[in-house]
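This briefing covers a chain-to-chain interface and a ligand site. Please read it alongside the sequence and the model.

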Amino acid sequence: MDYFIELFCSGLTRGAIYALIALGYTMVYGIIGLINFAHGEIYMIGAFTSFIVATVLSIYGFPLLAIVVLAGLAAVVWSSAYGYTVEKIAYKPLRHAPRLSPLISAIGMSIFLQNYVLLAQTSDFLPFPTLIPEFAFMEPVAHIVGSTDIVILITTTIMMLILTVVIKGTKVGKAMRATSQDRTMAMLVGINVNRIISVTFIIGSALAAVGGLLIASHIGQINFFIGFLAGIKAFTAAVLGGIGSIPGAVLGGLVLGLTESFATGYVSSDYEDVFAFSLLVFILIFKPSGLLGKAETKKV
Amino acid sequence: MLKLENIQAGYGNILAIKDVDIEINEGEIITLIGANGAGKSTTLMTISGVVPARSGRILFNGREIQKAEPDEIVRMGICQVPEGRHIFPQLTVKENLDMGAFLRNDTKEIRRDIEYVFSLFPILAERRGQDGGTLSGGEQQMLAMSRALMARPKLLLLDEPSMGLAPLVIRQIFEIIKQINAENNTTIFLVEQNANQALHIADRGYVIENGRIALSGSAEALLKNTEIQKAYLGI
Ligand SMILES: Nc1ncnc2c1ncn2[C@@H]1O[C@H](COP(=O)(O)OP(=O)(O)OP(=O)(O)O)[C@@H](O)[C@H]1O
Ligand SMILES: [Mg+2]
């Protein structure tokens with residue numbers, strides 16, 4: 001039973017991270033109908049930014065909490081700046097081009113950012129500093145669920161609650177939903193659609209940056225290529241949940257994380273990806289729009 | 001108030017409107033009638049800044065606006081109810097109305113305007129928490145007009161508001177258009193296929209054929225014109 005709970009907790013943690021990154025894919029898709037293949041790289045840049053800031057600050061002997069907060073903030077700001085810029089450079093000029101063009105541009109951006117970080121940093125794995133300590137009060141259950149798991153779950157829950165409040169309750173959130181439902185009409189009520197698109201990229205990038213920080217300190221090492229697999233997994237989660245649907249991204253992330261964790265624990269870690277992608281294929285056969293995705297219904 | 005001078009606009013290789021001159025004075029109801037594909041919706045979308053004008057000028061109160069972005073146009077007081085209504089399907093009725101007031105910040109006045117549109121269309125008050133996509137066609141038209149009114153437009157562009165509606169609802173919609181014009185002095189530019197009813201509430205009308213203004217004049221004159229009677233009034 002302990003083993004089951006352990007797998008369940010590590011699955012949740014993994015799933016929460018997938019969900020955090022998947023939100024960026026799904027929100028961008030919802031607004032401009034584009035799979036932003038460079039999103040995994042934004043997450044990777046978040047991990048690198050927090051790595052650099054955390055390393056420098058620990059040399060200067062900052063307290064751990066200050067390091068975590070500052071590294072997190074730096075990652076959020078820097079990744080958002082990248083996400084914003086990528087949209088302006090690579091997607092906005094192609095807004096009226098055939099659908100394939102921005103997709104190819106996205107793949108190009110992804111490759112560019114990987115190689116840029118490879119050149120600017122190194123191809124080696126870098127040891128990521130331990131930002132989340134083992135809490136004393138977690139001692140009795142430490143063999144089942146680690147402190148990092150708890151921190152990751154709490155942080156992602158908070159991020160998702162904030163996102164929900166923004167999307168449901170604020171004017172800009174309503175404008176985001178309106179723009180994703182009917183862009184022409186959004187223009188006709190006076191929404192500056194370009195600005196809403198930028199906001200969407202910034203929010204998605206900020207969430208990915210937090211994911212980058214969390215997972216890097218969980219796994220303990222990073223390199224320029226980590227965005228690729230994380231990106232594919234998060235994208236899978238978004239499709240699984242129904243791309244374009246925000247609750248779908250969260251559900252898809254959790255389902256994917258749990259599937260992988262149980263597959264690793266009860267079968268073999270060699271098969272975790274096999275199970276993950278089989279699940280995707282299976283669900284898409286029976287529900288092509290994903291778990292919570294809506295089939296397009298438009299009434300004229 | 002609004003003046004279109006030699007406006008050309010289109011999509012890709014298609015030039016949908018070739019030479020459109022229209023003048024609208026404050027407080028008027030002007031109608032634009034024409035067959036399918038004549039370029040009526042394109043004319044409205046060009047005024048709203050969604051379809052760019054390729055040449056010509058659009059003047060709003062003397063100011064050139066043909067290069068302005070759609071949100072700037074709304075800010076100046078020109079609002080459109082597009083063809084097919086374009087209700088945000090997964091926003092509630094109330095949220096759709098909030099979106100109409102997107103550029104406003106006067107919360108109190110916004111609340112008053114919501115009460116006002118609910119008084120025009122009481123059914124919307126009953127449906128306020130329901131998703132826009134679940135409304136009937138007539139209710140959606142009422143919501144679309146209400147949403148545009150939430151911006152307090154000086155000039156309201158209406159694209160075929162009677163399309164697909166039952167005769168009784170059409171009469172109600174036309175009554176409300178007259179009422180909006182009379183109560184708030186909102187200028188109305190009404191695109192219609194339903195030429196008969198449109199000309200009966202309009203002051204003046206324009207007829208568009210193949211992207212060109214073919215005819216214009218007072219509503220009474222157009223109603224008596226034999227060509228129009230044959231082509232658009234089915235007489
Ligand atoms: N998005 C578009 N892309 C390409 N061509 C378009 C587009 N929208 C309209 N057109 C073309 O432009 C011309 C004018 O269309 P428009 O929609 O303005 O006509 P309309 O007078 O509003 O017709 P209807 O009464 O059927 O609504 C038509 O030939 C149409 O095929
Ligand atoms: Mg039309």
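How many salt bridges are there between chain B and chain A? The count is 2 salt bridges, a salt bridge being a side-chain nitrogen of Lys or Arg within 4 Å of a carboxyl oxygen of Asp or Glu. This is a predicted model, in which local features need pLDDT of at least 70 and side-chain atom pairs count only at pLDDT 80 or more, while totals for chains, interfaces and linings use all residues; side-chain values use heavy atoms, with hydrogens and water left out. Residues are numbered from 1 along each chain as its sequence is written, and chains are lettered from A and ligands numbered from 1 in the order in which they are written.

**Interface between chain B and chain A**

- In contact (heavy atoms within 4.5 Å) are 30 residues of chain B and 20 residues of chain A.
- The two chains bury about 2200 Å² between them, with 63% of it on carbon and sulfur atoms; buried area is the accessible area (1.4 Å probe) that two parts lose on being put together, summed over both.
- Of the area that chain B buries against chain A, 27% is supplied by B:Phe88, B:Met99 and B:Phe102, more than any other three residues.
- One salt bridge joins B:Asp98 to A:Lys174, with the closest N and O atoms 3.2 Å apart.

**Site of ligand 1**

- Among the 14 residues around ligand 1, those that come nearest are B:Gly37, B:Lys40, B:Ser41, B:Thr42 and B:Gln193; a residue is near if one of its heavy atoms lies within 4 Å.
- A backbone N or O atom of B:Gly37 lies 2.8 Å from an oxygen atom of ligand 1.
- The side chain of B:Gln193 has an N or O atom 2.7 Å from an oxygen atom of ligand 1.
- The shell around ligand 1 takes its largest share from α1(B), which gives 3 residues.

Note on methods
Polar contact = N/O pair within 3.5 Å; in protein donor to acceptor, adjacent residues only side chain to side chain. Helix = DSSP H or I, 4+ residues; strand = E, 2+ residues; numbered from the N terminus.
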